[in-house]
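Keep the sequence and the 3D view open while you read.

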Amino acid sequence: MSDTNLSADDQKRIAAEAALAYIKDGMKVGLGTGSTAAHFVIALGRKAKDEGLKLTCVPTSEATDKLAREVGLTVTTLDDQPHLDVTVDGADEIGPRLTLIKGGGGALLREKIVAFASSQMIVIADESKVVPHLGNFPLPIEVVPFGAQATGTRILESGKLFGCDGAISLRTDEYGEPFVTDGNNLIYDWALGEIPDPDGLGEYLSRLPGVVEHGLFLGIAHAALIGKADDSVDTLN
Ligand code: 5RP
């Protein structure tokens, strides 16, 4: 038995480094957002420099854009490169069959658009993110500011149709002001505990006027690389 006991941050780092195996010269790469994705961006910048790789990267947030440029990666937009080879991103929860909750970092909209534009989405995470069912992490839902209160009421009503019961709260920033996304929208976090029917709920939320996007990523991820406390990385397919 290994006596190694990596911290959660080191588990994120080894998962991020394992994802470098998916990157080949000439690829177009989507870059996720969050602390795990940041490990990947830094490792990718180092690999591109050491091996002289020509990569074109599309970041999923202003924060990732800044970091990618700092580490010397070539950054462009999805409009310039509408088809990407692979996106590497973190997650807040990884449930059965690679179902995900994302958006803890507030970038779910761009993350979903970029993942959809990619031939493969590879998830990287520490082992605490793997869960038997989705919902313990509050589900982020991005809404337009107009009528946000009313949209919140519609969201709560939709929950009753799908066996979901829980409070929603408008996300705030470190100053107690409403958190504003890169797309100038707001985010509700919906504490559900368990989501019995993620597909049904996700489809319903997608049809609600005022909802821009929700953090259920279903049928999108191709593999998840899980960094573990014993210094190994598991691959989930
Ligand atoms: C950002 C996300 C992140 O991938 C998610 O919140 C995980 O973050 P971290 O890697 O910091 O644990 O979805 O919108």
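The model is predicted. Helix α1 spans residues 8-18 and packs on helix α2, residues 35-51. Glu111, listed by UniProt as "active site" in an unreviewed entry, lies in helix α4.

**How α1 meets α2**
- The two helices pack at an angle of about 45°, and their axes are 8 Å apart.
- α1 is therefore oblique to α2.
- The crossing of α1 past α2 is right-handed.
- From α1, the residues in contact are Lys12, Arg13, Ala15, Ala16 and Glu17.
- They meet Ser35, Thr36, His39, Phe40 and Ala43 of α2.
- By class, this contact has four nonpolar, three polar and three charged residues.

**Burial of α1**
- Eight of the 11 residues of α1 are buried, so the helix is largely enclosed by the rest of the structure.
- The buried residues are Gln11, Lys12, Arg13, Ile14, Ala15, Ala16, Glu17 and Ala18.
- Their cover includes α2 and the strands β6 (118-126), β12 (223-227) and β13 (233-236).

**The annotated site**
- Helix α4, which holds Glu111, covers residues 108-116.
- Is Glu111 buried or exposed?
- Glu111 is buried, because 32 other C-beta atoms lie within 10 Å, and the cut-off for buried is 20 or more.
- Leaving aside residues up to four places away in sequence, Glu111 touches Gly32, Thr33, Thr60, Asp89 and Lys102.

Notes:
Residues are numbered from 1 along each chain as its sequence is written. This is a predicted model: local features need pLDDT of at least 70, side-chain atom pairs count only at pLDDT 80 or more; totals for chains, interfaces and linings use all residues. Axes are lines fitted to C-alpha atoms, for helices over the stretch in contact, and angles run from 0 to 180 degrees between N-to-C directions. Helices (H or I, at least four residues) and strands (E, at least two) are DSSP runs, numbered from the N terminus. Angles under 35 degrees count as roughly parallel, over 145 as roughly antiparallel, 65 to 115 as roughly perpendicular and the rest as oblique. A crossing is left-handed if the near helix is turned anticlockwise from the far one by less than a right angle, and right-handed if clockwise. Two residues are in contact if their C-beta atoms, placed from the backbone, lie within 7 Å. Ala, Val, Leu, Ile, Met, Phe, Trp, Tyr, Cys and Pro count as nonpolar, Asp, Glu, Lys and Arg as charged, and the others, Gly among them, as polar. UniProt positions are given in the numbering used here, feature names are shortened, and annotations may be inferred rather than shown by experiment. A residue is buried if 20 or more other C-beta atoms lie within 10 Å of its own, exposed if 12 or fewer, and partly exposed in between; C-beta atoms are placed from the backbone.
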